[in-house]
Every structure is written in structure tokens, then in C-alpha cells.
Amino acid sequence: MQTIYAMHQSGSDNLEKQEKFLSASLENIQDLYLIMVSTLTEMRKKEIEYIEIASKKHLATAEERNPNLKFINNSILIALEESNSLSIALEKRKINNWQANDDTILLLLQDVKQSELYQNYMAKKEATFEEERFFIADLFSDVIAPNEKLYSYLEDFKLTWVDDIPVVNTQILKQLKQFSKTEDFRVSPLYRDVEDKDFASLLYRKTVLNEEKLAKEFIDKTPNWDMERIAELDTIILKMAICEFFNFPSIPVKVTINEYLELAKEYSTPKSSIFINGILDNLVKDFQANDRIKKVGRGLI
């Protein structure tokens, strides 16, 4: 949707150039994922460094000489540190953001240590694996993910990540909550399968190459609306939804409608979702009555 909108705004008709940008933006989500996961391992490293330096101070306090090691000994943090899958992915994609910007990690660690969640965890003498896992999952969701300093850094580093952060954080939180004591941490793949990988490019191409044809499907269904009065994003959303109806037989109609209503609520005008819902509902009834929508497999649900 954003790529098509950018094409309209720039007046560009260079399909391949915009598609390359789309593909690059999708690939960058994997970098964001790795950066967010590595906040946990980098905070542990910084805490280890702090403990070692503090213990060697000439006038070290009793607490500094006998520090609470519960955080750095957390089983989940150690498993992430020892994960071959994570270390290989970080090296392969050259993710070294926190080595180059350790001040962000130090600020994040400071906020973590000041949190009630951290202090309650450290106050307990021992913790089971489940308690360690719950702690890290809660720490990520309640302290790390919503951290304004971290968000500001990510936004400044790559603007396209603003919309991807919630998706990435949801995936990481899911993995942390499901972390098993008997399994190594594995980096989540960006795509589920080949069909998943090809979906965005196919939807983009099939929509852009058939915009006039797709627009004709709903122009007659908006008698009380002048086309020039309809928000441009709304027309793009309608075209993409209709494109899915016709060209992606495995995607259920209800799924398509729900997805585009969410896009309208998030990006377009306050009344857009109501308008789009009405148009799509009428179109689906018409398409189905004339046997124009062919769904197979899970698309039948």
C-alpha cells in the first residue's frame, strides 16, 4: 500500500525500481528483528562489564565485591548469548548497531534496572526456569519494547521501521514466552515459505498493472461519491482488496476484508473503514452472485 501510494505521489511509473524498494523494506524487517533480540544479549554483556569494573575498584563496597549475579545468570539470556542461530544471523547480516551505539544500550539497561519488575526479580534468592522465562518476556514487553529512547534510535536509524516495530516485537515476545529449556533459540525466518515471500511482489504488480480495471469495479458502487473526493489511500486499499479477491484463491474473503479495514483504520481518514467496509461488502455479494470469485483450499473458509 505504501509503495503504491509513493508511486502515485512521485508520479513515477518505474515498476521495477519501486518493487526493489518494497523488497528491500521487507528484508530490513529481519535486521530490525535481530537488533531487537540483541538488545537482551548486549544488556547482559554491559552488566557483566560493569560488575567486573566495580569489583576491582580500590574502595569497592560490599555489594560491589559480592554482586547479585541473578540477571546475568538468567538462563534465557545465556541461551540467547550461546545461540548459534542468532550469532550466525547477526554476523551474516552485519548487525553491529549496539557495538557502534552502546550508549543506547546503557540507557536501556539503566531503565531496566530502575524498573520494579527488575528489582522484584533480583530480590528473590532463586528462580525456576519458568520464572526466568516469565521475567525476560515481561521485561521485553513492559520495559524494552515501549522504551522511548530505543524507539527514537530505531526511528532515526531507518524510518520505514516505524510500522514494523509492533510486528517484530510481537514475534519476539511470542518466542520468549514459548522458550523451551530443552531447545536452542532459533532466529525466526522472515518468510514462512516461497508463497509467503512472493505474496507482496505479486500483490504489488497485479494491483499496479491493473489499476484502471480494478477502479472500474467500485466506481459504479459509489454513486454518492465523486471519485476526486475519495481519499487516495482509500482507492488504493479498494484496488488491492479487489485484486486479492480475484487473484489470490487461497486467501479467504473475510480475511482480505478484515486486513484492509485495519489498514484503513491505521492509515486513512476516520470514516474510511466504514466507507470501505460498505463498498467491499456490496462488491463481494455481487462477485459471488456472478461467480467471479474463485476460492480454493483455506480460501473457502
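Q: Which element gives the most to the lining of the second largest pocket?
A: This is a predicted model, where local features need pLDDT of at least 70, side-chain atom pairs count only at pLDDT 80 or more, and totals for chains, interfaces and linings use all residues. Residues are numbered from 1 along each chain as its sequence is written, and side-chain values use heavy atoms, with hydrogens and water left out. Helices here are DSSP runs of H or I with at least four residues, numbered from the N terminus; α2, α3 (62–65) and α8 (116–123) each supply at least two lining residues. With five residues, the top contributor is α2.

Q: What volume does the second largest pocket have?
A: A pocket is an open set of points on a 1 Å grid over the protein atoms alone, where a 1.4 Å probe fits, with protein on both sides within 12 Å along at least five of seven lines; lining residues have an atom within 4 Å of a point. Points are joined across faces, edges and corners, and a volume is the space filled by probe spheres set on them. For the second largest pocket that comes to about 300 Å³.

Q: Which residues are the closest to the centre of the largest pocket?
A: This pocket has a volume of about 2100 Å³. Of the 50 residues that line the largest pocket, the closest to its centre are Leu-26, Ile-29, Val-167, Phe-199 and Ala-200.

Q: Which element gives the most to the lining of the largest pocket?
A: Elements giving two or more residues to this lining include α2 (15–55), α11 (165–177) and α12 (194–208). With eight residues, the one that gives the most is α12.
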